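The following paragraphs lead through an interface and then through a single residue and its surroundings.

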Amino acid sequence: MIESIKLVPGKRKYLFITDQLGKEVLKPLIDQAGEEALNNEVIEIKNAPSESIKEKLQEQKMGTFLYAAASWNLLEQLQEIAQSLGYSEEESHFIGCGAQVKRIFCCRCHGITLYSSTQNSVEHCITCDHCRLELEVSEHYSPLQHAYLGYVLKL
Amino acid sequence: MIYNKALANFPYPFKGDHYRYSNNSVPLETESCVEISPNYRDDMHLKRHLLSHHPERCYKSLAHTIDAQWEVLELVCLHLVEQYPENFVLNKAGDTWTFKNNLLNEEYTFRLGDLHTLTLEPLDFIGRHVQEDLLLMMQKDNNLFLEAGQLCFPANWSLAFNLGMNFNQIHSPIPGFKEEGLDNRILRFLLGLQPSSPWWRLNWSLMAGNRLDTSLETFDQWGKDRKNVTKENAGELVHLRVEVQKLFRLPRSHAILFTIHTHILPIHRLVDKPDWLIQFQAIIQELPDYISNYKGIGLYRDPLLDYLEEQIKSIEDQQKGEGQHD
């Protein structure tokens, strides 16, 4: 997935937001933008997105393309801010780095179980912490629950 | 409702000899978002039982939907008294309405817009007088968001999980739906709905068992029957589940009311309608795996087809026999 990231051509400006983990991922793109003398800006954040990041995103003019690469937790916060400011899928690209801890919503009891996507990543199955039902982790995501749906694994 | 006797009013969903996902909505002729069918009292009893024992999965709402919920209450009340004046009566004194349900022998007085005059939220209240599940889709940013619903008879999905999702997010698990561009085509259609022009459609699935409350939350219980279907019991155990879905634009809130009336027919009842039986067999036989699996048929399609084939053969033999007597 990471190899396929390319610089979308013809944008007025490229805004790169990364953390320590995401810096390596975006480096080829940042280098390319530099070599081709394209209008760009790089922002590195430490732990959590600050108010100034929000302002930075807000003040961008039409035609800015956003690349954000960061550890999953930080990325989700960035994604939420960008979405609330009206950034669409066509003008932004989000890349999660490292292990993703997903919240899994139990289809039976609605309890949440944490799941690290690097573990059991072949089986995609967990046991609900609350009702002990075996769950199959799906890609169906609820923004309100901040969670992925876990389906009944076996009947 | 479950059809054990009369077939006349069953909303048979099939046309042609194959089925694919599509936007099969058509304009609604009778302008009513709800319909009372003969099982009314039983269905209401079950619905209210589910609501009181499982509120966490049967009723959900976000706080800002209250105004739109009042609009739903008004619309449903008006449609009930227009369609069934003997069973439902409405007395209006300005904003104070007295709603009488003669089928259940109940009477309520409330003031429109005043939550203190109802013991439940308006959507939850009026939903307890109709067999339909009621879903409220709020419109913003060129999309529709499921932000309130009373759902007792879902076809294997969870209101608690789907609450707050937009149209595309809700339908993302349906195989091929996004890839074929159906999600955006149907969304565009829904965004264009006008207050005076309601639409309706039929949706179908098959199930092993005859429960109306096939929630995702209880799938670990009722889903097991999918493994128990045989050629011998398919006619009794497998049921055709049809949802009559209606779409109404609410003029004040610009939200959409989506009502679902679920009808269930044991497959053996198709034998009384040989043309339905033959058409149904052709459709199940031709159904691509991605649809068959999503509709929950995959595990028992073979025994079901064996059963259907046997029934069709026996009808043909009977007709031949009758031919020879002539």
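Between them, chain A and chain B bury about 1600 Å², of which 72% lies on carbon and sulfur atoms; buried area is the accessible area (1.4 Å probe) that two parts lose on being put together, summed over both. More than any other three residues, A:H110, A:H140 and A:L155 contribute to the area that chain A buries against chain B, supplying 42% of it. The contact (heavy atoms within 4.5 Å) draws 17 residues from chain A and 23 residues from chain B.

This is a predicted model, in which local features need pLDDT of at least 70 and side-chain atom pairs count only at pLDDT 80 or more, while totals for chains, interfaces and linings use all residues. Residues are numbered from 1 along each chain as its sequence is written, chains are lettered from A in the order in which they are written, and side-chain values use heavy atoms, with hydrogens and water left out.

One salt bridge is counted between chain A and chain B, a salt bridge being a side-chain nitrogen of Lys or Arg within 4 Å of a carboxyl oxygen of Asp or Glu. The side chains of A:R108 and B:D220 form a salt bridge at 2.7 Å, N to O. On the side of chain A that touches chain B, β8 (134–142) and β9 (147–152) of chain A each supply at least two residues; strands are DSSP runs (E, at least two residues) and helices likewise (H or I, at least four), numbered from the N terminus. The most comes from β9(A), with five residues.

Within chain B, helix α11 (residues 289–294) contains B:S292. Apart from neighbours within four places in sequence, B:S292 contacts B:L287, B:I297, B:G298 and B:R301.
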